[in-house]
Amino acid sequence: MEHHIKLPERSIEKTTTTLNLGPTHPATHGVFQNILELDGERIVSAEQTVGYIHRAFEKIAERRPLYQITPLTDRLNYCSSPINNMGWHLTCEKLLGVKTPKRVDYLRIIIMELARISDHLICNSVVGVDSGAFTGFLYVMQYRELIYEIYEEVCGSRLTTNMGRIGGFERNFNNTAFEKIEKFLKEYPGVLKEFGNLFMRNRIFMERTMGCGGISAERALNYGFTGPNLRATGVDYDVRVHTPYSSYEDFNFSVPVGKTGDNYDRFLVRDAEMWQSISIIQQAYQKIQEFKGTEAEVYHADAPEYFLPPKQDVYTKMEALIWHFKIVMGETEIPPGEVYQSVEGGNGELGFYLISDGGRSPYRLHFRRPCFIYYQAYSELTKGSMLSDAVITMSSLNLIAGEMDA
Amino acid sequence: MVLFYIKAFSHFHIFIFSHFLSMLSNQTIKERLIQKFGDQVFNFEEPYGMLTFESDKDNNLKVMQFLFDDEELRFQFLTDLTAVHYPNKQGKELAVVYHLHNLVDNVRIRFKVFTAVEKPDVFTATKLFESANWMERETFDFYGVNFVGHPNLKRILNVDEMTYFPMRKEFPLEDQTRIDKDDAMFGR
């Protein structure tokens with residue numbers, strides 16, 4: 001008798017199941033595809049497919065003047081876009097030799113630490129959602145909202161911020177921004193405490209996250225882990241401490257580290273880092289209050305070649321008009337050189353490798369995207385664990401599709 | 001499962017690192033490399049403070065293995081791996097650039113090998129660093145560098161059917177000043 005169903009050869013004898021997790025599975029928070037080989041509910045192997053939202057930023061950047069590349073960096077790790085923006089400005093400033101005033105550095109630090117908090121907050125609460133606790137996620141959303149309102153006061157937009165310019169900020173922080181930062185500093189610690197109480201000693205959460213998705217420090221370093229995922233394995237590598245940028249050396253803070261590198265430790269490290277970020281914001285806010293007189297109004301470096309002059313000057317002064325025209329048309333030539341600058345992003349070391357041959361745009365720009373590099377380890381992290389653990393492992397790695405695919 | 005706090009007041013750390021930096025200076029690294037490889041490593045530069053040097057492409061693994069294993073150098077962390085296309089450099093069109101990091105002494109170096117675009121064969125670093133796996137696939141995907149010995153060298157971000165290497169300079173982006181297109185809808 002003729003068989004109507006044609007099965008692939010040897011598929012009857014096969015004892016494992018192939019499961020497509022993604023690319024649009026809601027549990028994967030982004031466009032990820034994982035082809036899992038399952039033995040019952042245990043994962044035998046996982047093969048990741050990436051590149052679904054690749055947008056060729058590195059190629060596009062080769063045609064753009066420096067200030068037009070900032071919006072591209074927004075779209076890398078869009079949970080903490082200001083860190084990417086600041087990282088890009090720091091790269092440009094290093095290449096151009098622009099020295100930023102201390103007040104600018106401290107303002108940047110406030111923004112970067114707020115961004116770090118919002119990034120970690122999303123990641124940790126999503127780990128909660130994936131282990132069955134939706135409450136925490138919904139509760140902390142209003143504080144992410146408050147952070148986004150602060151961004152809005154500073155730059156006008158919320159998610160893809162395009163914040164700051166080469167040399168500083170486009171305008172000074174207004175009073176509402178400072179009031180909102182004060183409000184955040186006042187209210188958020190209590191919320192974070194409650195959020196921690198909800199999870200940290202929660203029996204269900206502990207049993208779901210402890211001992212799964214773990215990795216040793218040696219393997220993590222070999223896999224190129226950075227950021228909270230590396231620190232959860234016990235390595236105290238933090239770009240803010242190792243290669244201080246934007247005056248991080250003026251601040252006192254600790255680098256929390258874990259031990260086992262599993263999902264629970266990653267959660268704890270992120271939680272502890274949020275407490276450190278609050279302390280850094282407090283210190284920076286205090287330091288900003290100490291500036292007096294004209295110093296208290298400084299919000300950008302003196303770099304007329306790259307920083308747009310005030311509009312009233314453009315209409316009344318010739319110099320300002322020339323610079324305005326040159327900057328907007330991308331006429332300012334950048335010096336030839338080769339720069340690597342990295343910042344501690346929300347999920348690891350975000351690096352910018354910029355080669356300039358002296359034209360108006362970079363000759364080559366490469367982004368070191370932390371989660372592209374450590375996502376390789378996903379197969380090793382999930383081997384032998386249950387399918388439901390693999391979902392938690394994925395969210396606790398803080399993978400951002402936009403950053404991975406650049 | 002216990003969370004430890006490393007005492008890392010940043011002032012304290014910077015003191016330690018600057019102390020280390022004086023121990024493993026760029027000059028020391030350069031001397032060690034020349035002592036070991038002679039004139040097989042060349043073009044030493046220090047753009048913006050980062051030691052940058054080159055070697056022949058056949059020696060890339062030997063150099064990186066030495067940097068990895070040497071008790072003084074300890075460059076055991078691969079930060080970044082990428083390529084650059086220089087169409088005008090005859091016979092050395094593609095540069096493969098490695099950024100290595102010594103996490104103990106906190107020193108970074110940049111190491112380059114150049115290869116011809118007709119036969120872009122470079123040995124893979126995957127045996128040394130697991131992290132090189134996808135970074136080399138990405139480099140292959142965009143520049144066509146053929147990493148010899150790579151376990152799974154196929155495209156990663158672009159579609160599998162693609163037949164060219166889009167980051168090479170022969171594929172320019174659209175010139176924004178072109179006037180031959182009549183597209184009133186998009187304001188050109």
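Between chain B and chain A there are 7 salt bridges, a salt bridge being a side-chain nitrogen of Lys or Arg within 4 Å of a carboxyl oxygen of Asp or Glu. One of them joins the side chains of A:Glu62 and B:Lys169, with 3.1 Å from N to O. This is a predicted model, in which local features need pLDDT of at least 70 and side-chain atom pairs count only at pLDDT 80 or more, while totals for chains, interfaces and linings use all residues. Residues are numbered from 1 along each chain as its sequence is written, chains are lettered from A in the order in which they are written, and side-chain values use heavy atoms, with hydrogens and water left out.

**The interface between chain B and chain A**

- The contact, which means heavy atoms within 4.5 Å, takes 66 residues from chain A and 58 residues from chain B.
- The size of an interface is often given as the accessible area lost when the parts come together.
- Here the buried area, that is, the accessible area (1.4 Å probe) that two parts lose on being put together, summed over both, is about 5,400 Å², and carbon and sulfur atoms give 58% of that area.

**Aromatic pairs**

- Over all chains the count comes to 36 aromatic pairs, where rings of Phe, Tyr and Trp (its six-membered ring) pair if their centres lie within 6.5 Å, and planes under 30 degrees apart count as stacked, over 60 as edge-to-face and the rest as tilted.
- A:Phe205 and A:Tyr264 form a tilted pair, with 6.3 Å centre to centre and 55 degrees between the planes.
- This pair links distant parts of the chain, since A:Phe205 is in helix H7 (residues 203-209) and A:Tyr264 in helix H11 (residues 263-290) of chain A, 59 residues apart; helices (H or I, at least four residues) and strands (E, at least two) are DSSP runs, numbered from the N terminus.
- A:Phe205 has a relative accessible area of 2% and is buried, as is A:Tyr264 at 2%, where buried means under 20% relative accessible area, exposed over 50% and partly exposed in between (1.4 Å probe, protein chains only).
- B:Phe68 and B:Phe129 form an edge-to-face pair, with 5.6 Å centre to centre and 65 degrees between the planes.
- B:Phe68 lies in helix H3 (residues 60-69) of chain B and B:Phe129 in the loop between strand S7 (121-123) and H4, so the pair ties together parts that are 61 residues apart in sequence.
- B:Phe68 counts as buried at 18% relative accessibility, and B:Phe129 counts as buried at 0%.
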